[in-house]
Amino acid sequence: MTDLFQLFAVSAVVMGISQTITRERLFAPLRERLGGKEKFCGYLVSCPYCTSHYVAFVLVPLTGTYPIRVLVGGWVGTVLSWFLSSILLTVIAAFFRVLFWFVDESQGLVRRRQRTEEEEVATRRVIRQQAERQLPDEPGADAPH
């Protein structure tokens with residue numbers, strides 16, 4: 001069970017790091033310096049899926065997360081285990097990214113709905129104030145008794 005937890009935990013870290021590198025303002029100068037999405041190197045750090053490969057390639061050996069072990073021995077087996085495990089973590093990270101997007105979008109919808117409701121309340125208040133200003137005084141209100 002801990003192997004499964006580690007697999008999902010490292011995949012979540014891969015997703016988080018790749019999302020940060022490709023979308024956050026902190027890394028915008030790096031993306032711009034590499035040419036943004038127009039240049040090949042810039043695209044590699046502007047695409048979350050592409051970046052997650054590189055992050056997984058580094059994190060798999062650092063964390064020892066090798067969910068895929070091949071039967072081939074020697075250095076070829078080691079390289080294949082590293083490569084295939086990295087690809088698996090990248091795919092799981094992509095699913096996490098989709099879930100993250102849905103959560104982020106739903107929060108955005110809630111914020112937009114709240115903003116719309118606040119605008120509607122403000123509009124009603126302005127209309128009510130304008131209507132109150134335009135109402136004629138009641139007849140006989142100023143007449144002496």
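**Close-ups of a predicted model**

**View 1. Who sits around Arg97?** Looking past residues up to four places away in sequence, Arg97 touches Met15, Ser18, Gln19, Pro48, Tyr49 and Ser52. This is a predicted model, so keep that in mind for every view. Arg97 itself is found in helix H5. With a relative accessible area of 13%, Arg97 counts as buried, because the cut-off for buried is under 20%.

**View 2. Arg97 reaches Ser18 with its side chain.** Zoom in on the two side chains and you'll find a polar contact between Arg97 and Ser18, at 3.0 Å. Now look at Val14: Arg97 and Val14 are 83 residues apart along the chain, yet their C-alpha atoms are separated by 9.9 Å.

**View 3. Here's the largest nonpolar core, a set of 13 residues.** Val10, Val14, Val55, Leu59 and Leu89 are the ones that touch the most other members. Helix H1 (2-23), helix H4 (48-63) and H5 each give two or more residues to this core. H1 gives the most, with five residues.

**View 4. Leu89 and its contacts.** Set aside the neighbours within four places in sequence, and Leu89 is still in contact with Leu7, Val10, Ser11, Val14, Ala56, Val60, Thr65 and Pro67. Two of these names, Val10 and Val14, also turned up in the core view.

View 5. Pick out Phe83, which is found in helix H5 (residues 74-134). Is Phe83 buried or partly exposed? Its relative accessible area is 37%, so Phe83 is partly exposed.

Notes:
Residues numbered from 1 in each chain as written. Predicted model: local features only at pLDDT ≥ 70, side-chain atom pairs only at ≥ 80, totals over all residues. Heavy atoms only, no water. Helix = DSSP H or I, 4+ residues; strand = E, 2+ residues; numbered from the N terminus. Buried < 20%, exposed > 50% of the residue type's maximum accessible area, 1.4 Å probe, protein only. Contact = heavy atoms within 4.5 Å. Polar contact = N/O pair within 3.5 Å; in protein donor to acceptor, adjacent residues only side chain to side chain. Core = buried A, V, L, I, M, F, W, Y, C linked by side-chain atoms within 4.5 Å.
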